[in-house]
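User: I am new to this structure and would like to learn how to read it. Please take me through it one feature at a time.

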Amino acid sequence: NPPLSFPSPPHQTIKYPLTTESAMKKIEDNNTIVFIVDVRANKPKIREAVKKMYDIQAAKVNTLIRPDGQKKAFVRLTQDHDALDVASKIGII
């Protein structure tokens with residue numbers, strides 16, 4: 001693994017979007033998209049990667065480490081972006 005001082009490319013920070021039922025509910029109700037991200041990624045990095053990859057502005061980023069050791073990021077979008085539109089553009093709906 002490269003040292004953390006180098007900026008990692010956005011596709012390494014964000015692994016894939018989650019498509020579970022609860023993640024879908026978040027898209028519909030909370031304007032939030034759920035991603036699995038690199039465990040070493042911090043919130044500013046995740047925000048930047050989402051902006052670069054999907055051209056969306058994150059209003060808020062919450063993260064947690066799942067029991068299986070993967071990091072989950074909840075990316076809440078700003079009012080002018082609709083999570084449903086973005087999700088269908090990405091292809092998770």
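User: Which residues have the most contacts inside the largest nonpolar core, and how many residues does that core have?

Analyst: Keep in mind that this is a predicted model. The largest nonpolar core has 20 residues. Those with the most contacts inside it are Ile27, Ile33, Phe35, Ile46, Val50, Val75 and Leu77.

User: Which helices and strands each supply at least two residues of this core?

Analyst: The helices are α2 (21-30), α3 (43-54) and α4 (83-90). The strands are β2 (32-37), β3 (58-65) and β4 (71-77). Apart from this core lies another one, of five residues, including Leu18, Ala23, Ile36 and Phe74.

User: What is Ile46 in contact with, leaving aside its neighbours within four places in sequence?

Analyst: Ile46 is in contact with Thr13, Ile14, Val37, Ala41, Val61, Thr63, Ala73 and Val75. Thr13, one of these partners, has its place in helix α1 (residues 10-13). With neighbours within four places set aside again, the contacts of Thr13 are Ser8, Val37, Asp38, Ala41, Lys45, Ile46 and Ala49.

User: Is Thr13 buried or exposed?

Analyst: Thr13 counts as buried because its relative accessibility is 2%, and buried means under 20%.

User: Now the strands. Why is β2 described as largely enclosed by the rest of the structure?

Analyst: Six of the six residues of β2 are buried, so the strand is largely enclosed by the rest of the structure. To read a strand, look at which way its residues point. Thr32, Val34 and Ile36 point one way from β2, while Ile33, Phe35 and Val37 point the other way. All of them are buried.

User: How many bridges join β2 to strand β1, and over how many does β2 pair with β4?

Analyst: Strand β1 (residues 14-17) is joined to β2 by three bridges, and the two run antiparallel. Within this pairing, Pro17 stands opposite Phe35 in β2. The pairing of β2 with β4 is also antiparallel, over six bridges. There Ile33 stands opposite Val75 in β4. Ile33 and Val75 are both among the residues with the most contacts inside the largest nonpolar core.

User: Next, charged side chains. How many salt bridges does a search of the whole structure find?

Analyst: Side chains of opposite charge can pair when their charged atoms come close. The search finds four salt bridges. One of the salt bridges joins Lys25 to Asp29, with the closest N and O atoms 2.8 Å apart. Both residues lie in helix α2, four residues apart, about one turn of the helix. Lys25 is exposed, with a relative accessible area of 51%, and Asp29 counts as partly exposed at 48% relative accessibility.

User: What are the distances between the closest N and O atoms in the salt bridges of Arg40 with Asp38 and of Asp68 with Arg66?

Analyst: For Arg40 and Asp38 the distance is 2.7 Å. Arg40 counts as partly exposed at 38% relative accessibility, whereas Asp38 counts as buried at 15%. For Asp68 and Arg66 the closest N and O atoms are 2.9 Å apart.

User: Which side chain of opposite charge is nearest to Lys71, and how far away is it?

Analyst: That side chain is Asp38, 7.8 Å away. Lys71 lies in strand β4 and is buried, yet has no salt bridge. A polar atom of the Lys71 side chain lies 3.3 Å from the backbone oxygen of Val39. Not counting residues up to four places away in sequence, Lys71 touches Phe35, Ile36, Val37, Asp38, Val39, Ala41, Thr63, Leu64 and Ile65.

User: Last, the backbone angles. What is the phi of Asn31, and what is that of Asp55?

Analyst: Asn31 has a positive phi of about 55 degrees although it is not a glycine. Asp55 likewise is not a glycine and has a positive phi of about 55 degrees.

User: Where do Asn31 and Asp55 lie, and is each buried or exposed?

Analyst: Asn31 is in the loop between α2 and β2, and counts as buried at 14% relative accessibility. Asp55 is in the loop between α3 and β3, and counts as exposed at 61%.

Terms used: Residues numbered from 1 in each chain as written. Predicted model: local features only at pLDDT ≥ 70, side-chain atom pairs only at ≥ 80, totals over all residues. Heavy atoms only, no water. Core = buried A, V, L, I, M, F, W, Y, C linked by side-chain atoms within 4.5 Å. Buried < 20%, exposed > 50% of the residue type's maximum accessible area, 1.4 Å probe, protein only. Contact = heavy atoms within 4.5 Å. Lys, Arg positive; Asp, Glu negative; His and termini not counted. Polar contact = N/O pair within 3.5 Å; in protein donor to acceptor, adjacent residues only side chain to side chain. Pairing = 2+ DSSP bridges.
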